[in-house]
Amino acid sequence: MQDILETIMAAEDSAQPERELAGVARLPVPESYRGVVVRAEETQMFDGMATRDKDPRKALHVQEVPTPQPGPGEAVIAVMASAINYNTVWTSIFEPLPTFKFLQRYGRLSELTKRHDLPYHVVGSDAAGVVLRTGPGVTRWQAGDEVVAHCLSVELEEAAGHDDTMLDPQQRIWGFETNFGGLAELAVVKANQLMPKPRHLSWEEAASPGLVNSTAYRQLVSHHGANMKQGDVVLIWGASGGLGSYATQMALTGGAIPVCVVSSPDKAELCRRMGADLVIDRAAEGFRFWKDEQTQDSDEWRRFGERIRELTGGEDPDIVFEHPGRETFGASVFVTKRGGTVVTCASTSGYQHQYDNRYLWMHLKRIVGSHFANYREAWEANRLIALGKIHPTVSKTYGLEQTGQAAYEVHRNAHQGKVGVRCLAPTDGLGIRNPDLRARHEVAINRFRGH
């Protein structure tokens, strides 16, 4: 592993980094590597505890695991950096169910997938690194390529997935519903998960957008989501967070008008730094959409809608970018414009959504479910990063051994933007190949740092 790292690091000061990186093809792939895992024997460790009290630091372990051989259409990558997503938090607290059930189901599919059904689960759905080996049938990528990995894993053996790969019956999220994820020194991916690493970004910056940037792209921009257009008013919950910060940038870059909902003055300031003018600090303004655990407060929906109209000059949102779920969904349906769209992924405050259907059916609104992105959407989202149109939102980074603490901060919502994890990279700031492009966007790239 040290030889691999030294070869990658030799590219830092080289006039021909591609030549240096190609040297990894001559190195043996280690028989084992360090990965962040949850263990099947511990899936009941939090039984009886409230979700908030479950501690990812107790369930996430860094341990040595055997290196799988790449199968047909697969690649092994040396992971320089990864990042924390909510699916790693859910995995670490075994909610809504232990991910070993996913691995068991995948393992029954074929002899090749049987490798994933193990008593440990290497987690993580983001990665930036260098291709070490490719399996049979891979022609697009070769050893030494600098890449980022998106998290869509598909088999594409059935017709249903060939119009939109997210509809493949065997669609899974890598590192959540499959093993050998990105929070590790090595990772095994399907070759069609790979995309070129943006050359002006460091490893930790390049790793951080993958899941959330692609998810925001499909939700807002794609015809599979809200099909956002210029001038649309877009209400964005959690607008400075890991997902919302990309939705805010997508809205601004696409000529839409974001209305950013946040929960503190610091988060409001970050939205303004991104260029958003219309911001609601829901904590400061005291919005409480539930009277108690069973009863929503429709008067608060109305007050919230009035506040949005006050900011927009009387307009309701064409699109509501939903991901908190239970806590906010009733308000989201209510405030959406007649004929507008609520596009939803995830449910970080709860999966059981309640809303008043009169405001949906009588006002001809739509609810669209959106889950990650297909390969084309992920590629287009990554292209926006590579062009400097959308920027990473890394606020802080941790070493691999501190992954539990990183996940704990995301679980407790004590973070801004994305929290990165250095895997093989010894420090931040490595891997930048286009300093001129970076210099033009340095302020935007670093605006979340230290928050």
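Over residues 55–421, the chain is 28% helix and 22% strand. The model is a predicted one. According to the UniProt record, an unreviewed entry, residues 55–421 carry the annotation "domain: Enoyl reductase (ER)".

Helix H8 spans residues 244–253. Eight of its ten residues are buried, so H8 is largely enclosed by the rest of the structure. The buried residues run from Gly-244, Ser-245, Tyr-246 and Ala-247 to Thr-248, Gln-249, Met-250 and Ala-251. Just after H8 comes Gly-255, with a positive phi of about 80°.

Helix H9 covers residues 265–274. Its buried residues are Lys-267, Ala-268, Leu-270, Cys-271 and Met-274. These residues lie on the same side of H9, because they cover an arc of only 155° around the axis. The spacing fits a general rule. An α-helix has 3.6 residues a turn, so residues three or four places apart point the same way. The other side of H9 holds Pro-265 and Asp-266, and both are exposed.

What do the buried residues of H9 pack against? They contact three elements: helix H8, strand E12 (257–262) and strand E13 (278–281). H8, itself largely enclosed, is thus one of the packing partners of H9. Just after H9, Gly-275 takes a positive phi of about 110°.

How values were computed
Residues are numbered from 1 along each chain as its sequence is written. This is a predicted model: local features need pLDDT of at least 70, side-chain atom pairs count only at pLDDT 80 or more; totals for chains, interfaces and linings use all residues. Side-chain values use heavy atoms; hydrogens and water are left out. Buried means under 20% relative accessible area, exposed over 50%, partly exposed in between (1.4 Å probe, protein chains only). Helices (H or I, at least four residues) and strands (E, at least two) are DSSP runs, numbered from the N terminus. The arc is that of the directions from the helix axis to the C-beta atoms. Contact means heavy atoms within 4.5 Å. UniProt positions are given in the numbering used here, feature names are shortened, and annotations may be inferred rather than shown by experiment.
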